[in-house]
Amino acid sequence: MIQFQLNGKQVSANVRPGTTLLDFLRDKGYFSVKYGSDKGETGADTILVDGNMMNASLMLIHTVSGKNIETVESFAHGQDVHPLQDSFIEEGAIQCGYCTPGMVLAIESLAREKDNPNESDVKDVLAGVYCRCTGYVKPVKAAMNYLATGEPK
Amino acid sequence: MKYFAPKSLEELKDLFLSNHDLNILAGGTDVLPRWQDNPSLKLDVLVDIKKIPELIGIKESETDIKIGALTTVQDLKKSDIIKKHFSSIYEATCQFAGVQIRHRATIAGNICNASPAGDLLPGLYVHNAVIQISGLKGERVVPIHQFITGVGKTILESDEIVVGIVIPKSSIKSLFYKLGLRQSMAISVVNFAIAYEIDENNNWKSLQIAAGSVAPTVIYLKTFTDALFSGSDVDESIQLVDDEISPIDDIRATASYRSKVIKNVLMHIIKEIYVR
């Protein structure tokens, strides 16, 4: 039996060893965490583990025992979205949306870790989200707007 | 499949004693994709060594720096000690994959994966890093260039693990260069590190170059550096690099491109160092 925190709730799971965190989360309905590849190349599978960005496809569920996992499911409540998500919407930093949850988590982890992050910090954390039909400019703008004020522009 | 997460080296050794075929998992960023690419692999016993605290962290002594085997690339990047003493290793961490992978990937994993393109390796080679190994037969210590023996090959026995990396402190300066097909999330087409000291008369006091992705392992470009050291002109001696490297064609680049680009960039950077 593995126990960990998932979006603030204690979870106990009896899972076959070898199961990835990605498969577990999607199986439980956390569809914001996407399959991009088995190799962590796309970043569409980004989650936060104890506040740090990681690839869910590159982690076995057994290794997260005792950890605190966050997905964007904890950010929005129905239509009531997080200011960072709102900033992405306002800036139009969304196309197919497949990778957007990963980008939102990347920016949020940066906001928590660093005071006054600059554009190069933003590009550094977004670099691992390589799934990019949204493009390269608007997510950076959306992030900078949010980081400057804590609100969308 | 059985899963174990030993909490100490002692517990790990007990596992080595009671099981024959352990699959050791550190950060998993290389191992998991390999397992997923080969569904036929039999993985009976999985051992997650990331729960062994004694294998994590960076310690500084008067003469050297000891890096725990499971220290992540992100922790290396954030370490003031690494940045101060080993610029080439620090620079490699900045160009290493993306933040997600840097949070998982470990220094020993990058070494044991023994990829010719491993980005931490050239810096470790030019700073003369030494690998600390622990196993059922005891402990041993081996220089990194003797530890890695080929593509994906090391001298590590099946009942041994890497416990740490020791790098001597010195006044040597170093830098890292990586050519990838894009800025991040790229496997190096060519990479190298240069460690050097220049005396007050603008002569080399010491010089070491280690290059990756141009041979089955990272290699020292010794003939080239010897020529520079004995005062030869860079433009002439750069041709010696071709005798030392054995690049291949792969999906990222051709052998002939690798040969041309490493010579061009090396020449440029060596000249820049002279001017500094």
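This is a predicted model: local features need pLDDT of at least 70, side-chain atom pairs count only at pLDDT 80 or more; totals for chains, interfaces and linings use all residues.
Residues are numbered from 1 along each chain as its sequence is written, chains are lettered from A in the order in which they are written, and side-chain values use heavy atoms, with hydrogens and water left out.

Let's start with the helices. Two packed helices are described by the angle between their axes and the distance between the axes. Helices here are DSSP runs (H or I, at least four residues) and strands are too (E, at least two), numbered from the N terminus. Axes are lines fitted to C-alpha atoms, for helices over the stretch in contact, with angles running from 0 to 180 degrees between N-to-C directions.

In chain A, helix H3 (residues 100-113) and helix H4 (residues 119-126) have axes that come within 9 Å and cross at roughly 135°. H3(A) and H4(A) are therefore oblique to each other; angles under 35 degrees count as roughly parallel, over 145 as roughly antiparallel, 65 to 115 as roughly perpendicular and the rest as oblique. On the H3(A) side the contact uses Met103(A), Ala106(A), Ile107(A) and Leu110(A), while H4(A) brings Asp121(A), Val122(A), Val125(A) and Leu126(A) (contact means heavy atoms within 4.5 Å).

H4(A) also packs against helix H5 (residues 138-149) of chain A, at an angle of about 125° with the axes 10 Å apart. That makes H4(A) oblique to H5(A) as well. Here Glu119(A), Val122(A), Lys123(A) and Leu126(A) of H4(A) meet Pro139(A), Val140(A), Ala143(A), Met144(A) and Leu147(A) of H5(A).

Now for the interface. Chain A puts 27 residues into the contact and chain B 26 residues. Together the two chains bury about 2,200 Å², 60% of it on carbon and sulfur atoms; buried area is the accessible area (1.4 Å probe) that two parts lose on being put together, summed over both.

Between chain A and chain B there are 4 salt bridges, each a side-chain nitrogen of Lys or Arg within 4 Å of a carboxyl oxygen of Asp or Glu. One pairs Glu113(A) with Lys78(B), whose closest N and O atoms are 3.5 Å apart. In another, Asp37(B) meets Lys39(A) at 3.1 Å, N to O. Asp37(B) sits in helix H2 (residues 31-37) of chain B and Lys39(A) in the loop between helix H1 (21-27) and strand S3 (46-49) of chain A, so this pair joins two chains. Over all chains, the whole structure holds 19 salt bridges.
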